[in-house]
Amino acid sequence: QSVVPVLDAAGTLVGVVRLADLRPFLAEEPSTIPALAAELALEELPVVTPEMPLAEVASLMFEGEWDELPVIASQENRTPVGLLSRHDLLRAELGFD
């Protein structure tokens with residue numbers, strides 16, 4: 001998993017922390033690491049809904065160089081329901097369950 005969803009107190013998706021953005025802090029002193037996930041979270045990111053065509057999802061992933069994207073219940077209800085990866089798209093395209 002390369003992204004971790006960041007939720008607010010109501011369980012609504014507010015962003016993600018990418019592993020690549022966290023790596024520079026792993027060699028740092030603990031006191032220099034941001035205290036909250038929200039401090040590292042990317043808030044501007046494409047999101048996927050269950051009804052979105054896979055071709056559209058693939059386009060979002062490849063345009064933004066995302067390995068994974070959060071899946072939310074709907075555009076109005078940003079409750080996360082899963083993560084969709086490039087690997088998942090490839091499996092779907094090849095017909096694997």
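Modeller: Buried means under 20% relative accessible area, exposed over 50%, and partly exposed in between, with a 1.4 Å probe and protein chains only. This is a predicted model, where local features need pLDDT of at least 70, side-chain atom pairs count only at pLDDT 80 or more, and totals for chains, interfaces and linings use all residues. Residues are numbered from 1 along each chain as its sequence is written, and side-chain values use heavy atoms, with hydrogens and water left out.

Colleague: Is Thr49 buried or exposed?

Modeller: Thr49 counts as buried because its relative accessibility is 10%. Contact means heavy atoms within 4.5 Å. Leaving aside residues up to four places away in sequence, Thr49 touches Val71, Ile72, Ser74 and Gln75.

Colleague: How many salt bridges does the structure hold?

Modeller: Side chains of opposite charge can pair when their charged atoms come close. A salt bridge is a side-chain nitrogen of Lys or Arg within 4 Å of a carboxyl oxygen of Asp or Glu. The structure holds two. In one, Asp21 pairs with Arg18, and the closest N and O atoms are 3.3 Å apart.

Colleague: Which residue forms a salt bridge with Asp67?

Modeller: Arg86 does, with the closest N and O atoms 3.8 Å apart. This pair links distant parts of the chain, 19 residues apart. Asp67 is partly exposed because its relative accessible area is 44%; for Arg86, also partly exposed, the value is 27%.

Colleague: Is Phe96 buried or exposed?

Modeller: Phe96 is exposed, since its relative accessible area is 51%.

Technical notes:
Helix = DSSP H or I, 4+ residues; strand = E, 2+ residues; numbered from the N terminus.
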